[in-house]
Amino acid sequence: MAHEVIYLHDVEPRPPYMHTWERFKHREAHWLVEMFAEMVGVFLYVYAGLGPTAALIVGNLTAESGIGSLYTVGFAYAIGIVLAIVLCAATSGGHFSPGVTITLSLFRGFPKAKAVRYIIAQILGSYLTCLIVYVQWKDLLLAAEDVLKAKGLYDTLMFTNTGPAGVFALYVSPGTNLHRVLLNEFMTDFMLGLAICGVMDPTNYFIPPMVAPWVIGLTYSVAIWGYAPTAIALNTARDVGGRLMALSIWGKQASGGPYAAIAALTNIPATLLAFAVYDLFLGSGTRTLSPYHIDFLRAQVQYQQDNELPPQLHPDALKPPENLPLFGGVEKHIGDAEASEGRPRDGSHA
């Protein structure tokens, strides 16, 4: 049974100004809208995680038990990632990480000029989010700083992963072995990169598009629950934006020392390696696309064609059978022989 294409404006009347804005948005300012979506996506994911992180650190310093835990931090970041993907990915593609953007530029042909814009938007989104959360938590953060000063621990703990500045910028405890920190960061980033590859694979029947945000979000949570005590960043935008914000508030003493380079850069080669491993050993261009992904990709193609946007997929490969619209299929019944006529039986496919 064939299904025709149905647009939102077919079922939900839009005011005239929205038609004008959408024409301008898609044809003149689409690059700006994509940057805004990346910035908002980073805001959602970072904002969700910073609150519980502040609760955990402030609660420990002020001896207020029960207002934060590593579990709440990990789960909050998962929810933030889900929100970022479901709300913003349809507009920008949902990178939200310089490591992902750089990898897609090198391995998937993502335009390099657009990649630079995305990275700027991602870092700016993280920076602004950290400033907003700082203002919201300022009274309690200052109270925690006063506790450290009263105990004579300000210089020792303020700029560590357990100090108030550690809510925003990422640090390690004094004396931590940076070689093990680097290994910890690389392996967790590699695991997250593999998860991203898996959900992006349109031949992966185990992960339909609607499940992808949860897989990525919970993988992020697993990394936090198991390896955050050693120190992990997982995202250059989250780290650099937070560190710039900490430098804006507390000055050079918030720089983070040699660990800053590990936190900011490690996820980029780790993500590159994850994509290479997946493409070489786990993925295959000879597998068939799942029905869920076919509809999902056809919707992307339709959107690009309708709005005269540069194609990012091969639309001819996603065309439905002749005389059928872009969305839809043919209803088959048990016993229909036509569907199997001429199909190769040796495992190969067109």
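This is a predicted model: local features need pLDDT of at least 70, side-chain atom pairs count only at pLDDT 80 or more; totals for chains, interfaces and linings use all residues.
A polar contact is taken here as a pair of N or O atoms within 3.5 Å, where, within protein, one atom must be able to donate a hydrogen and the other to accept it. By that rule, 5 residue pairs, both members at pLDDT 80 or more, are in polar contact across the interface of domain 1 and domain 2. Salt bridges are another matter at this boundary: the count between domain 1 and domain 2 is 0.

Stepping back to the overall layout, the chain splits into domain 1, covering 23-288, and domain 2, covering 289-319. Between them, 16 residues of domain 1 and 13 residues of domain 2 take part in the contact. The centres of domain 1 and domain 2, taken over C-alpha atoms, sit 30 Å apart. As for how much surface goes into the pairing, the size of an interface is often given as the accessible area lost when the parts come together. For domain 1 and domain 2 that figure comes to about 1,100 Å², with 63% of it on carbon and sulfur atoms. A handful of names stand out on the domain 1 side: His26, Pro202 and Pro209 lose the most area to domain 2, and together they supply 45% of what that side buries.

Charged pairs come next. The structure as a whole holds 5 salt bridges. Two of these involve Arg14. With Glu22, the closest N and O atoms are 2.6 Å apart, while with Glu12 the corresponding gap is 3.7 Å; both pairs count because the cut-off for a salt bridge is 4 Å. Through these shared partners, Glu12, Arg14 and Glu22 are joined into one network.

Arg243 and Asp239 make up another salt bridge, with 2.8 Å between the closest N and O atoms. Both residues belong to helix α10 (residues 236-250), and because they are 4 residues apart there, about one helical turn separates them. Here the setting is an interior one, as Arg243 and Asp239 are both buried.

Two further residues are worth a look for what surrounds them. Asn184 is part of helix α8, which runs over residues 178-200. With a relative accessible area of 10%, Asn184 is buried. Which residues does Asn184 touch, leaving aside its neighbours within four places in sequence? The list is Tyr227, Thr230, Ala231 and Ile232.

Thr53, in turn, sits in helix α3 (residues 30-62). Its relative accessible area is 12%, so Thr53 counts as buried, the limit being under 20%. Once neighbours within four places in sequence are set aside, the contacts of Thr53 are Val73, Tyr77, Gly166 and Val167.

How values were computed: Residues are numbered from 1 along each chain as its sequence is written. Side-chain values use heavy atoms; hydrogens and water are left out. Domain bounds come from an automatic or database domain assignment. Contact means heavy atoms within 4.5 Å. Buried area is the accessible area (1.4 Å probe) that two parts lose on being put together, summed over both. A salt bridge is a side-chain nitrogen of Lys or Arg within 4 Å of a carboxyl oxygen of Asp or Glu. A polar contact is a pair of N or O atoms within 3.5 Å; within protein, one must be able to donate a hydrogen and the other to accept it, and residues adjacent in sequence count only if both atoms are side-chain atoms. Helices (H or I, at least four residues) and strands (E, at least two) are DSSP runs, numbered from the N terminus. Buried means under 20% relative accessible area, exposed over 50%, partly exposed in between (1.4 Å probe, protein chains only).
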